[in-house]
Amino acid sequence: PLRPPRPRRRRSDLLLVRSASAMTSSSRVRSCLLLLAPSGLLLLQANLHCAPTREVIRRPGLQELSWKFATSRYFVLDTTTGSSFQLPDPEATIMHQALLGLLVSPRGGGHYMVAELQPIIGLDEATLLCFSTEVGEWIEKTVHYPLPPRPLAPICVVSHHGRLWWVDLSWGVITCDPFADEPVLGFVPFPPGRVLECREGWGAADKFRYVGVSGGKLRFVDM
C-alpha cells in the first residue's frame, strides 16, 4: 500500500532545531521552552551549570541570600525567519521562569517585549521587569498589586489580546499590558466553587486544570 508523504519541514524549522541543538548539545546545558506566542516567537531558557556561588537578591522590602548552581540565558526564536536573539542579562534578578512572558508590540515592526511579574507577599506594589526591543534594555516598572497577601504560584504566562496573563491554577489569572507607560494589573478569579485554598493542589493542579487560548478566547478547563 502507498504511504502518505512525510510532511516537509520548513527551512526556518530546521534552522531553529539546529540553533536549539547547538545551545543544548553539552551535558552542562539544560533548556526549556517557556512560551510560544501566536506570532510564531518562542521564548527559550537555557541553564548553564556553574560552580556554586552565593547570590544576594535585593528587592523592595526584601533581601535574600541564596546559592546559585546554574546561570540562565534567555533566547527569543523566530519561527518565521529562522533567527534567534539572546536577551541581555538584566541588572535585576529574574525571579522565576514561570513568571516570564513574551508579547508582540502593538506598533509592529517585528518588535516585542519580554516581561516578568515580581510580586512580594504582603506589599501592595509589584515590579514588572521588562525588556523591549524598541528600547533595547531592561527597565523596571512599579505597579499596584491588587491581590491579598497570598503566595502566587503561576504555572505559565499566556500572550493573548495584546496582554500578558499570569496563570495560577489554584485561584485565577493576573493580567496587564506591559507596553503601557503605567501598567495596571487586573485579576480574573476562577468561577465560584473552583477557587482552591492556598497551597491546595500545588504540584498536581496542572494534571486536571488548564488555561489557554481556544477559538480566540482565553478559556479555563477543570476536569
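Residues are numbered from 1 along each chain as its sequence is written, and side-chain values use heavy atoms, with hydrogens and water left out. As the model is predicted, local features need pLDDT of at least 70 and side-chain atom pairs count only at pLDDT 80 or more, whereas totals for chains, interfaces and linings use all residues.

Of its 223 residues, 39% are buried; here buried means under 20% relative accessible area, exposed over 50% and partly exposed in between, with a 1.4 Å probe and protein chains only. The chain exposes about 13,300 Å², and carbon and sulfur atoms supply 54% of this area, as computed by the Shrake-Rupley method with a 1.4 Å probe. Where contacts (heavy atoms within 4.5 Å) join residues at least 6 apart in sequence, 44% of them link residues at least 24 apart.

Turning to the aromatic side chains, four aromatic pairs are found in the structure. Rings of Phe, Tyr and Trp (its six-membered ring) pair if their centres lie within 6.5 Å, and planes under 30 degrees apart count as stacked, over 60 as edge-to-face and the rest as tilted. Trp171 and Phe187 make a tilted pair, because their ring centres are 5.2 Å apart and their planes stand at 55°. Trp171 belongs to the loop between β10 (163–168) and β11 (172–176) and Phe187 to strand β12 (residues 186–189), so this pair ties together parts that are 16 residues apart in sequence. Trp171 is buried at 7% relative accessibility, while Phe187 is partly exposed at 26%. The pair of Phe190 and Phe220 is stacked, because the centres are 4.0 Å apart and the planes at 10°. With Phe190 in the loop between β12 and β13 (209–214) and Phe220 in strand β14 (residues 217–222), the pair ties together parts that are 30 residues apart in sequence. Phe190 is buried at 6% and Phe220 partly exposed at 25%. One aromatic cluster is formed by Phe85, Phe131 and Trp138. Trp171 also has a charged neighbour: Arg150 lies over its face, 4.3 Å from the ring centre (the rule asks for NZ of Lys or CZ of Arg within 6 Å of the centre and within 35 degrees of the ring normal).

Charged pairs come next, with four salt bridges in the structure, each a side-chain nitrogen of Lys or Arg within 4 Å of a carboxyl oxygen of Asp or Glu. Arg73 and Asp89 meet in one of them, at 3.8 Å from N to O. Arg73 sits in strand β3 (residues 62–78) and Asp89 in the loop between β4 (83–86) and β5 (100–104), so the bridge ties together parts 16 residues apart in sequence. Asp222 is bridged by Arg194, with the closest N and O atoms 3.1 Å apart, and by Arg209, at 3.3 Å. Within it, Arg209 is buried at 5%, whereas Arg194 is partly exposed at 39% and Asp222 at 24%.

Finally, zero disulfides are counted, a disulfide being a pair of cysteine sulfur atoms within 2.5 Å. Cys156 is partly exposed at 23% relative accessibility, and Cys198 is partly exposed at 33%.

Note on methods: Helix = DSSP H or I, 4+ residues; strand = E, 2+ residues; numbered from the N terminus.
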